[in-house]
Amino acid sequence: MRYEDYLRRVPKAELHCHFEGTVRPATFAELARKHGVALPTQEVDALYAYDTIEEFLKIFGLVSTTIIDRDDFARVAYESLADGQSLGNLVYREMFFNPTLHTRRGIAYETVVDGIVDGIRQARHDLGVDCRLIADVYRQDDPAEALAMVEQVLAHRPDELIGLGMDGAEAPDPPERFVAAYRAARAGGLRLTSHACEDAPPQNIRTCLDLLGCERIDHGYHILDDPALVARARDEGLVFTCCPTATATVYGWRDLGTHPIRGMVASDLRVTLNSDDPTMFHTDIGKEFVDLCTALDYGPAQVRRFCLESVDGSWLDDGEKRALRVRFNAQLDALDAELGEVA
Ligand code: HPA
Ligand code: ZN
């Protein structure tokens with residue numbers, strides 16, 4: 001077996017992937033046609049090109065405007081999980097979505113979440129891949145809007161919805177703006193995470209941990225600028241959800257050999273690998289493992305660490321985690337044996 005095939009086939013749990021960033025280009029074009037949404041070009045693949053987070057977020061918003069009916073939300077969620085499974089042996093995902101990107105267009109929150117959950121349940125039934133949801137604060141929203149979103153989430157909450165996160169452009173809008181939204185989410189029993197230190201100083205991680213109560217950090221790369229914080233994260237067992245390709249594209253580590261993930265792993269931090277916005281960055285969860293692990297020369301032992309760290313860092317309950325670990329270890333043992341025989 002080629003190492004590339006091994007990397008695609010290892011079992012994966014994914015903790016950092018945005019619903020709106022998983023729309024297949026063909027589905028994007030079809031939904032735009034269905035709803036009469038004008039696009040700057042019919043060659044939608046050409047729209048999936050950006051050098052900065054702002055350019056990316058503009059297209060992320062445009063894609064979102066084509067998802068309107070409950071069926072659209074279900075379809076996108078289903079295809080997203082099917083793609084993860086077929087391209088990278090995705091077994092489980094905790095998936096972000098941005099309620100306010102949809103509700104501000106006049107779509108009822110219930111349509112959004114019920115549609116996504118329809119797609120998740122259908123994928124679980126047909127394919128056996130499982131998924132939970134994390135509602136994201138969009139940083140460019142004002143804090144009152146974010147708090148209202150959390151209240152809406154808590155008022156209509158399917159079992160799949162387990163957490164609150166935060167995305168959008170980090171540099172202009174620091175996390176302390178959203179203390180009230182996080183406090184309400186915590187009081188309502190949601191788990192907490194946030195994008196941080198993707199494009200801002202380490203202070204944002206401190207704020208997320210100490211002020212917002214975050215249990216995980218999404219991205220986190222600039223922690224390497226602060227050795228004391230690295231030591232704290234290591235001591236506390238903080239889990240980071242890192243995304244090789246997306247950040248290589250919009251933050252300038254074009255050569256994955258220079259990506260901060262390397263330093264985070266070398267510092268013994270708990271790193272997981274994720275696809276972020278797979279279709280929008282021309283990637284998938286299998287390709288993320290292939291590209292990063294070959295660029296950084298990571299062998300099967302480190303690959304197993306990545307796979308199991310995602311299970312341990314997930315918000316499944318302890319029994320579910322134990323069962324998933326057993327399943328992952330068995331699959332990894334079998335794949336290691338196959339790799340060894342052919343190598
Ligand atoms: N960072 C910031 N905003 C985002 C991201 C991300 O990784 N993905 C979707 N919106
Ligand atoms: Zn992200």
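Of the 13 residues around ligand 1, those that come nearest are His18, Glu198, His219, Asp276 and Asp277. The model is a predicted one, and the values below are computed from it.

## Ligand 1 and its surroundings

For Gly168, a backbone N or O atom lies 3.0 Å from a nitrogen atom of the ligand. In Asp277, an N or O atom of the side chain is 2.9 Å from a nitrogen atom of ligand 1. For His195, a polar side-chain atom lies 3.4 Å from an oxygen atom of ligand 1. On its own, ligand 1 has 260 Å² of accessible area, and the protein covers 99% of that.

The space that ligand 1 takes up is the largest cavity. Strand 1 and helix 4 (53-64) are the elements that give two or more residues to the shell around the ligand. Helix 4 gives the most to this shell, with four residues.

## Side-chain contacts away from the ligands

Glu14 is another residue of strand 1. Glu14 counts as buried because its relative accessible area is 0%, under the 20% limit for that class. The side chain of Glu14 is joined to that of Ser275 by a polar contact of 2.6 Å.

Arg216 sits in strand 6 (residues 216-219). Arg216 is buried, with a relative accessibility of 1%, and its side chain makes a polar contact of 3.0 Å with the side chain of Glu94.

Asp317 is found in the loop between helix 15 and helix 16 (318-342). At 45% relative accessibility, Asp317 is partly exposed. A polar atom of the Asp317 side chain lies 3.1 Å from the backbone nitrogen of Gly319.

| Side chain | Partner | Distance |
|---|---|---|
| Glu14 | Ser275, side chain | 2.6 Å |
| Arg216 | Glu94, side chain | 3.0 Å |

## Backbone with positive phi

Most residues other than glycine have a negative phi. Cys197 has a positive phi, near 60°. Asp297 likewise has a positive phi near 60°.

Cys197 is placed in the loop between strand 5 and helix 10 (203-211), and Cys197 is buried at 0% relative accessibility. Asp297 lies in the loop between helix 14 (285-295) and helix 15 (300-313). Asp297 is exposed, since its relative accessible area is 71% and the class begins over 50%.

## Separation in sequence and in space

Cys307 is a residue of helix 15, and at 1% relative accessibility Cys307 is buried. Cys307 and Pro11 are 296 residues apart in sequence, while their C-alpha atoms are 6.8 Å apart in space.

Leu164 lies in strand 4 (residues 161-167). Leu164 is buried, with a relative accessible area of 1%. For Leu164 and Leu292 the separation is 128 residues in sequence and 28 Å in space, C-alpha to C-alpha.

Notes
Residues numbered from 1 in each chain as written. Chains lettered and ligands numbered in written order. Predicted model: local features only at pLDDT ≥ 70, side-chain atom pairs only at ≥ 80, totals over all residues. Heavy atoms only, no water. Near = heavy atom within 4 Å. Polar contact = N/O pair within 3.5 Å; in protein donor to acceptor, adjacent residues only side chain to side chain. Areas by Shrake-Rupley, 256 points an atom, 1.4 Å probe, with all protein chains shown as cover. 1 Å grid on protein atoms, 1.4 Å probe; cavity = no way out; pocket = protein on both sides within 12 Å on 5 of 7 lines; lining within 4 Å. Sits in = over half its atoms within 2 Å of the grid points. Buried < 20%, exposed > 50% of the residue type's maximum accessible area, 1.4 Å probe, protein only.
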